[in-house]
Amino acid sequence: MKYVVAEASEIESGGRKIVSVAGRSIGVFNLDGEFFALRNRCPHQGGKLCEGKLWGVIRSERPGDFEYRPSREILCCPWHGWEFHVRTGQSWCAPERLRVRRYEVETVAGEEIAEAAEVTAAPIEDPDAPSPGMVKGPYTAETYPVSREGEYLVVEIPG
Amino acid sequence: MIDADVHIPNPRLRDLYPLLPEHWVEHFNNTVDKGASQEYYPPRSPVAGRRGGLEELREAVFDQGGAELAISSCLYAVDSVHNPDVAAALAAATNDWQSREWLEQEPRLRGSVVAPIQLPAAAAEEIERCADRPGFVQVLIPARTEHPLGSRLYHPLWKTIERSGLVAAIHFGGAPVMPPTPTGWPSFFLEEYTAMAQVFATQLTSMIVEGVFDACPDLRVVFLESGFTWIPSHLWRMDKEWRNLRRLVPWVRRPPSDYFREHVRVGIQPLDAPPDPAHLGEVVDQLGSDDLLLYASDYPHVHACDAGDLLFRLLPESLGRKIRSENARSFYRMGG
């Protein structure tokens with residue numbers, strides 16, 4: 001299921017927006033014009049990961065060496081500082097077993113959304129939905145009135 | 001069997017006279033300076049052991065103890081000497097004495113280079129001088145040092161040890177200017193003796209976090225008389241904090257426990273054994289590798305329990321074999 005979560009222009013480069021989609025809290029990040037979405041829940045102990053600080057990538061071959069790329073792609077959980085790569089959800093502290101759920105984000109023209117069959121302009125309560133606000137349809141504009149002119153960020157929640 | 005920790009007694013100052021430059025002999029004869037402190041243990045205490053010669057060591061370690069090879073160290077505390085030239089001269093004379101009186105006399109005995117660790121550059125010179133001599137397999141580094149061993153001050157020394165192909169043997173004791181506990185000077189030897197595990201834990205943390213093993217990927221370290229039951233919980237804590245704080249030390253690219261298991265081995269004596277032997281088996285299991293422990297008698301120091309007996313009764317035969325000889329043989333690259 002695809003959900004419209006923001007206008008594309010709403011999240012500036014380096015910025016983020018935390019949205020509630022299909023009963024999940026999700027952080028949508030703009031890295032230099034590319035958009036990525038991560039579950040706002042740290043796989044370690046459930047901290048609000050997407051509220052953490054963004055850092056550059058730092059590498060080192062030997063003590064005292066710092067190879068720094070100021071890309072601000074590393075998200076540190078505000079609870080325990082565990083690091084995750086925004087692009088992939090990959091953990092950097094136990095990469096073989098830890099990964100935060102990431103979701104596909106696409107930028108979709110308002111026109112395309114408007115022409116989709118089951119577009120709604122506001123959340124519709126569905127008694128079968130696992131949580132309030134979750135609705136059926138290929139696109140759901142949670143709180144977003146969609147106009148044909150704009151561009152929108154659409155997050156896909158599988159299942 | 002390989003005994004990874006036996007001691008040869010400290011030289012008496014007059015043993016070193018034929019090996020010291022003449023002006024230092026005159027200096028010792030004419031002043032109150034009588035060389036380094038004799039022992040890290042209180043004189044005549046049971047842990048201080050007795051002063052035996054080569055014949056007694058042969059009998060106890062090889063004939064009765066059943067070792068094929070034994071790795072010895074001499075705990076002459078040149079790290080307690082403040083005069084840098086005296087410290088370096090005493091270390092050099094002690095090493096020449098070890099070669100001549102012990103290692104050349106007994107082919108089953110291996111030795112440890114004594115070095116003035118408080119002066120890293122002088123220590124490196126002494127290590128280079130002795131590295132290729134027959135018998136020396138490691139450098140003796142007292143656990144208590146003036147700075148944590150991971151400090152950048154010591155990195156050139158670690159590089160020298162790595163290049164020399166010797167193992168760095170970090171051993172109970174040390175006589176730097178610093179107190180032996182993290183909170184100052186204790187009143188009784190019992191406190192110092194018990195707190196030595198904390199000193200080892202601090203040195204392990206320092207070496208891993210400050211990147212000694214990243215700077216020196218071939219460095220091998222053995223802990224002697226450190227105890228080992230404190231190690232699993234310490235590694236758990238270090239791994240946990242590394243996840244939070246590794247950005248500050250990005251050269252630490254793997255969990256600290258990985259570095260420990262790759263670079264460090266630990267002698268089994270003295271054993272800080274729990275009252276229930278079954279718990280000891282759990283701790284050995286928690287170390288997370290069968291390659292880490294080395295049989296050690298600590299001859300001639302006498303401990304309350306025979307660590308080897310207790311462990312070999314408790315552990316599976318295959319692990320016992322590794323602890324008795326295979327781990328040391330492989331770590332010290334002894335062949336056979």
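I began with strands β2 (residues 16-21) and β3 (residues 24-31) of chain A, which pair in the antiparallel sense over six bridges. Pairing here asks for at least two bridges found by DSSP between the two strands. The model I am reading is predicted, so I kept its limits in view: local features need pLDDT of at least 70, side-chain atom pairs count only at pLDDT 80 or more, and totals for chains, interfaces and linings use all residues. Residues are numbered from 1 along each chain as its sequence is written, and chains are lettered from A and ligands numbered from 1 in the order in which they are written. Ile18(A) sits opposite Gly27(A) of β3(A). The two strands form a hairpin with two residues between them, and Ala22(A) in the turn has a positive phi of about 50 degrees.

**Chain A as a whole.** I listed one helix and 10 strands for chain A. Helices (H or I, at least four residues) and strands (E, at least two) are DSSP runs, numbered from the N terminus. Along the sequence the pattern reads β-β-β-β-β-β-β-β-α-β-β. Of the 159 residues, 30% count as buried, meaning 20 or more other C-beta atoms within 10 Å of the residue's own, with exposed at 12 or fewer, partly exposed in between, and C-beta atoms placed from the backbone.

**Val105(A).** Next I looked up a residue of strand β8 (residues 102-109) of chain A, Val105(A). Buried or exposed, is Val105(A)? Val105(A) is buried, because 22 other C-beta atoms lie within 10 Å. Leaving out residues up to four places away in sequence, I found that Val105(A) touches Val28(A), Phe35(A), Phe36(A), Ala37(A), Leu153(A) and Val155(A). A contact needs C-beta atoms, placed from the backbone, within 7 Å. Leu153(A) is 48 residues from Val105(A) in sequence, yet their C-alpha atoms are 6.5 Å apart.

**A three-stranded sheet.** I then traced an open sheet in chain A with the order β5-β6-β7 and antiparallel pairing. β5 (53-59) and β7 (83-85) stand at the edges with a single partner strand each, so one side of each has no neighbour in the sheet. Neighbouring strands here are turned by 60 degrees against each other on average, direction ignored. β6 (residues 67-76) and β7(A) pair over three bridges, and Leu75(A) has Phe84(A) of β7(A) as its bridge partner.

**Helix pairs in chain B.** I turned to α4 (residues 84-103) and α5 (residues 120-130) of chain B, which pack at about 20 degrees with axes 10 Å apart. Axes are lines fitted to C-alpha atoms, for helices over the stretch in contact, and angles run from 0 to 180 degrees between N-to-C directions. That makes α4(B) roughly parallel to α5(B) (under 35 degrees; over 145 is roughly antiparallel, 65 to 115 roughly perpendicular, the rest oblique). On the α4(B) side, Pro84(B), Ala88(B), Ala91(B), Ala92(B) and Asn95(B) meet Ala122(B), Glu126(B) and Cys130(B) of α5(B).

For α9 (residues 231-245) and α10 (residues 256-263) of chain B, the axes come within 7 Å and cross at roughly 135 degrees. That makes α9(B) oblique to α10(B). Leu235(B), Met238(B), Asp239(B) and Trp242(B) of α9(B) make the contact with Pro256(B), Ser257(B) and Phe260(B) of α10(B).

How values were computed:
Contact = placed C-beta atoms within 7 Å.
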